[in-house]
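Let us walk through this structure step by step. Keep the sequence and the 3D view side by side as you read.

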Amino acid sequence: MEQFNFREIQERPDRLAPGHRMCAGCGGTIAVRNVLKALHPGDKAVVGNATGCLEVSTYMYPYTAYEDSYIHSAFENAGATLSGVETAYHLLRKKGKLSSEYKFITFGGDGGTYDIGLQSLSGAMERGHDMVYVCYDNGAYMNTGVQRSSATPMYADTTTTPSGRQSDGKPQMRKDLTAVMAAHNIPYVGQTTFIGNMKDLYVKSERAIYTQGPAFLNVLAPCPRGWKYDTADIMEICRLAVETCYWPLFEIVDGKWILNYKPKKKLPLEDFLVKQGRFKHLFTPGNEHLLESFQKETDRRWEELLQRCEA
Amino acid sequence: MAIRTRMSGNEAVAHAIKQINPDVMPAFPITPSTEIPQFVASMIANGEVDTEFIPVESEHSAMSATMGASAAGVRAITATSSCGLALMWEVLYVAASSRLPIVMALVNRGLTGPLNINAEHSDSMGARDSGWIQIYAENNQEAYDNFLQAHRIAEHKDVQLPVMICQDGFITSHAVENITLWEDEPIKRFVGEYHPEHYLLNENEPMAVGPYAVSSYCMEAKKAQAQAMMNAKQVILDVAKEFEEVTGQHYGLFEGYQLEDAEYAVVAIGSVCGTIKDSIDALREKGVKVGLLKVRVFRPFPGKEMAEALKHCKAIGIMDRAESYSGNGGPLGAELTAALYQAKVTAETVNIMYGLSGRDVRVEDMEEVFGWLEKMAAGELHFDEYPYLGLRTR
């Protein structure tokens, strides 16, 4: 691993060039730019992508925002598609037809990763392809207009789980995909978001990319339209996601669970929720029990993670 | 020296794969094509080919990985049948529009409803508008020969489209028949090396595949793809000519059997053509002028050429091994009837549904069909609905 030098890394040319059409303040874009910055200068890559906001906004014919080779096929097959590219790469290397080294990184939103693309992702990871799958998790199907996904937090107001007189928002808890991927026993799994000078995201991206074999990275990437917050608040929201232990920073390296950050004083979940319009209904009088149950579930998951990391 | 031997259609395709030595093969097992990836896996295990096999978790992923490998710049193939092809559906279109010269061994089997594993063309016929070239075989020899020609057609600069090489499930894929296998060296020279112009792993030029295209660009992409399909007709003929120089085997867009002076002709696809030829031989001995037009290439559809070859006939029976559930017949019936109309061929026609879910077709059945055609031409028979051949009455 290289030393983390913030300035040097930020001065690296962007591999996702400006001029793409993602929203101002989009967390997905921040995730992609920073993950790709972890590629060592000079190293070649093929970037894969599931259909979603990212795809329709970064490769609109006849312009691509990617400096590297890029492939998009469909919504649910980013894992399988890149596994074909990676296999072709090994074949060409084996036959001595290619001298450059390539890295393979594919991006999908939580819709393309937790839900419709889960089978394709699971297959690619299980087969052991030398690639990284990065999920930019914004917790709903944002490209089609904020419908719930299995990554959507409990009680969130989405267009398919609207809050109303008879509804508290999404009734189910979110799927813990990072743990699901860890259960694949792949060499590297990381969970991160945007914190401080992006060191955690950088370090995990570099580890994921330069680990031999399959790696999975789950990046909490807020969406201002779906989460309903001021775009300027994105870093504060990510900090609160971590400080409330809603989105802990951890990694699983060769099967060993490692907690990367433990808040000195765990903040109440409310602090994270209150910033977002999608949880507004939780703060109307009479709904205190919803906040309590969400807090209880968050605590349970945090304790479980601590046990895994201390084991 | 060519080798005279005997083998099944699946073995024949596997032998073609061995001679081609493709780079990447993702596949998921499904009856009756399962043997093909099994044979390839054994060849890899025994060091007979350099191919990388990807044991994917579904056919959707098989087509996706095949697409990824092809875009990366290598020869990529897969094999499937029936519901496997249906699960690939979405990606079939993406692969074709990405202009990737993928080759697929399709062993035709009916789509489920009810579940059935036997020969039917509902799988490939359902994918007839996906942008893939479709070439059909009557027997194992043709499945083998067609597969050997597929990469040359797919990779031609005027085409750049994926190709499906189809053979009938069990009847061709599993039945062991005589076959002539061609020598390795001339075949390898004929197939040649693959040198794509643009590809993901080009060290000197990155490339992007699979854009979002707005209305101001998308329609032109589709027209260019349609043009490539039209170009494929000549390329298929040119490649067949070269193949004939190597092997002596002649192939066209379709084959006429006793067609030139036929008054009553049947048009069909696949293994049933062997049975039809036998029935023609028997009827010709009795002096009835019957003939067959066997469709080899269904995509691109040689409508004009078939109409020209059929224009002298008095009555034509168009045989479909796939329902369209349109209430109006099957896909070959619909497309050929339209082509005959455009060519102002005014023969009596009837679209006949046959062999669904592997229902056997016998020489006697075909003699019955030719009997219908004679009566139709004489004005003694008219079908209000398209008939089903060999349907149980109790």
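Chain B has an average pLDDT of 98, and 100% of its residues score at least 70. Here pLDDT is the predictor's confidence in each residue, from 0 to 100. The model as a whole scores ipTM 0.97 and pTM 0.98. This is a predicted model, in which local features need pLDDT of at least 70, side-chain atom pairs count only at pLDDT 80 or more, and totals for chains, interfaces and linings use all residues. Residues are numbered from 1 along each chain as its sequence is written, while chains are lettered from A and ligands numbered from 1 in the order in which they are written.

Start with chain B as a whole. Chain B holds twelve helices and 15 strands. Helices (H or I, at least four residues) and strands (E, at least two) are DSSP runs, numbered from the N terminus. Along the principal axes, the C-alpha atoms of chain B fill a box of roughly 70 × 55 × 45 Å. A compact globule of 394 residues would have a radius of gyration near 21 Å, and chain B agrees, with 21 Å. That radius is taken over C-alpha atoms, and the globule rule is 2.2 Å times the number of residues to the power 0.38.

Now look inside chain B. Of its 394 residues, 54% are buried. A residue is buried if 20 or more other C-beta atoms lie within 10 Å of its own, exposed if 12 or fewer, and partly exposed in between; the C-beta atoms are placed from the backbone. Contacts tell a related story. Two residues are in contact if their C-beta atoms, placed from the backbone, lie within 7 Å. Among contacts in chain B with a separation of 6 or more, 81% join residues 24 or more positions apart.

H121(B) sits in the loop between β5 (103-108) and α5 (122-126) of chain B. Is H121(B) buried or exposed? H121(B) is buried, because 30 other C-beta atoms lie within 10 Å. Not counting residues up to four places away in sequence, H121(B) touches N108(B), I269(B), G270(B), R321(B) and A322(B). The second example, A265(B), belongs to strand β11 (residues 264-269) of chain B. A265(B) has 27 C-beta neighbours inside 10 Å, so A265(B) also counts as buried. Leaving aside neighbours within four places in sequence, its contacts include L259(B), G291(B) and L310(B).

Next, turn to where the chains meet. The contact takes 39 residues from chain B and 38 residues from chain A. On the chain B side, β2 (24-26), β3 (52-54), α3 (59-72), α4 (82-97) and β9 (208-209) each supply at least two residues. Helix α3(B) gives the most, with ten residues. By class, this side of chain B has 25 nonpolar, eight polar and six charged residues. Ala, Val, Leu, Ile, Met, Phe, Trp, Tyr, Cys and Pro count as nonpolar, Asp, Glu, Lys and Arg as charged, and the others, Gly among them, as polar.

A sheet also crosses between the chains. Strands of a sheet pair through backbone hydrogen bonds, either parallel or antiparallel. Two strands pair here if DSSP finds at least two bridges between them. Nine strands form an open sheet in the order β12(A)-β11(A)-β9(A)-β10(A)-β6(A)-β5(A)-β1(A)-β4(A)-β9(B), with mixed pairing. β12 (256-259) of chain A and β9 of chain B stand at the edges, each with a single partner strand, so one side of each is left without a neighbour in the sheet.

At one, strand β4 (residues 69-72) of chain A runs parallel to β9(B), joined by two bridges. There, I71(A) has V209(B) as its bridge partner. At the other, four bridges join strand β11 (residues 250-253) of chain A to β12(A), and these strands run antiparallel. E251(A) stands opposite I258(A), and V253(A) stands opposite K256(A). β11(A) and β12(A) form a hairpin with two residues between them, and D254(A) in the turn has a positive phi of about 50°.

Finish with a helix pair in chain A. The axes of helix α4 (residues 78-94) and helix α6 (residues 118-126) of chain A come within 6 Å and cross at roughly 35°. Axes are lines fitted to C-alpha atoms, for helices over the stretch in contact, and angles run from 0 to 180 degrees between N-to-C directions. Among the residues that make the contact are A80(A) and L82(A) of α4(A), and L121(A) and G123(A) of α6(A).
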